[in-house]
Amino acid sequence: MAQTRSDMREALMDAARAMVQAHGYNALSFRELAKAVGIKSASVHYHFPTKGDLAAALAQRYTEDGAAALEKLLTKSQHPKGLMDRYVEIFRAALANDNRMCLVGIMAAEYDDLPPAVRGEVDAFARMNIAWLARVLALARPRLGKPALNEQAAAIFAAIEGAQLVARGRGDIAVYDQAIRAYRATGLMP
């Protein structure tokens with residue numbers, strides 16, 4: 001059991017992340033979260049006054065962690081296909097982890113139900129991914145202009161998130177793998 005306030009905040013965020021990745025934002029319950037970490041529901045409100053505050057903190061951390069991981073990939077390699085292999089593996093790993101979704105991807109599926117602060121974090125995650133993908137694409141296709149790179153990067157991001165969502169709905173990770181192969185075969189991604 002968490003001992004300090006920061007330990008409890010971390011425990012709550014970890015449990016909330018798992019809950020949202022498995023069931024979505026609308027299923028996030030402070031009562032269930034409190035039960036998962038062994039505290040009273042009112043104590044969750046001490047750390048996160050509202051469900052929106054918790055979801056915004058989760059999405060912000062997810063984006064920051066994702067940005068750091070993607071930046072690390074770029075420092076290790078400048079090979080577009082290898083970078084793209086690592087990128088699609090990140091999304092595949094969520095599916096392999098008890099058929100979970102990308103945290104922000106599942107939140108995006110409930111976009112209309114999200115408070116404005118959470119929507120802002122969902123949008124930031126998309127912008128971060130698209131910017132990173134555009135950088136990778138620039139390595140593979142240096143003659144493309146920035147608008148074309150950003151457009152293709154947005155298409156890749158949407159395609160990968162979509163493939164993950166469909167594979168999750170079918171309960172079959174092979175659906176994700178098949179979609180990624182098809183994206184490559186059609187030239188959508190390196």
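Predicted model: local features only at pLDDT ≥ 70, side-chain atom pairs only at ≥ 80, totals over all residues.
Next I asked which residues of α8 are buried. I found L149, Q152, A153, I156, F157, A159, I160, E161, A163, Q164 and A167.

I then checked the length of α8. Its 25 residues should span 36 Å at 1.5 Å a residue, and I found its end C-alpha atoms 36 Å apart, so the two agree. Just after α8, I noted that G171 has a positive phi of about 65°.

Is A159 buried or exposed? Its relative accessibility is 13%, and buried means under 20%, so A159 counts as buried.

What does A159 touch, once I leave aside neighbours within four places in sequence? I found contacts with Y183 and L188. I also looked up the spacing to L188: A159 and L188 are 29 residues apart in sequence, and their C-alpha atoms are 9.1 Å apart in space.

Last, I turned to the largest pocket, which holds about 360 Å³ of space. I counted 21 lining residues, and the closest to the pocket's centre are R17, Q21, Y62, G66 and I90. The elements giving two or more residues to this lining are α1 (5–23), α4 (51–76), α5 and α7. Sorted by class, I have 12 nonpolar, 5 polar and 4 charged residues in the lining.

Definitions and conventions:
Residues numbered from 1 in each chain as written. Heavy atoms only, no water. Buried < 20%, exposed > 50% of the residue type's maximum accessible area, 1.4 Å probe, protein only. Contact = heavy atoms within 4.5 Å. Helix = DSSP H or I, 4+ residues; strand = E, 2+ residues; numbered from the N terminus. Expected span 1.5 Å × (residues − 1). 1 Å grid on protein atoms, 1.4 Å probe; cavity = no way out; pocket = protein on both sides within 12 Å on 5 of 7 lines; lining within 4 Å. Points joined across faces, edges and corners; volume = space filled by probe spheres on them. Nonpolar A, V, L, I, M, F, W, Y, C, P; charged D, E, K, R; others polar.
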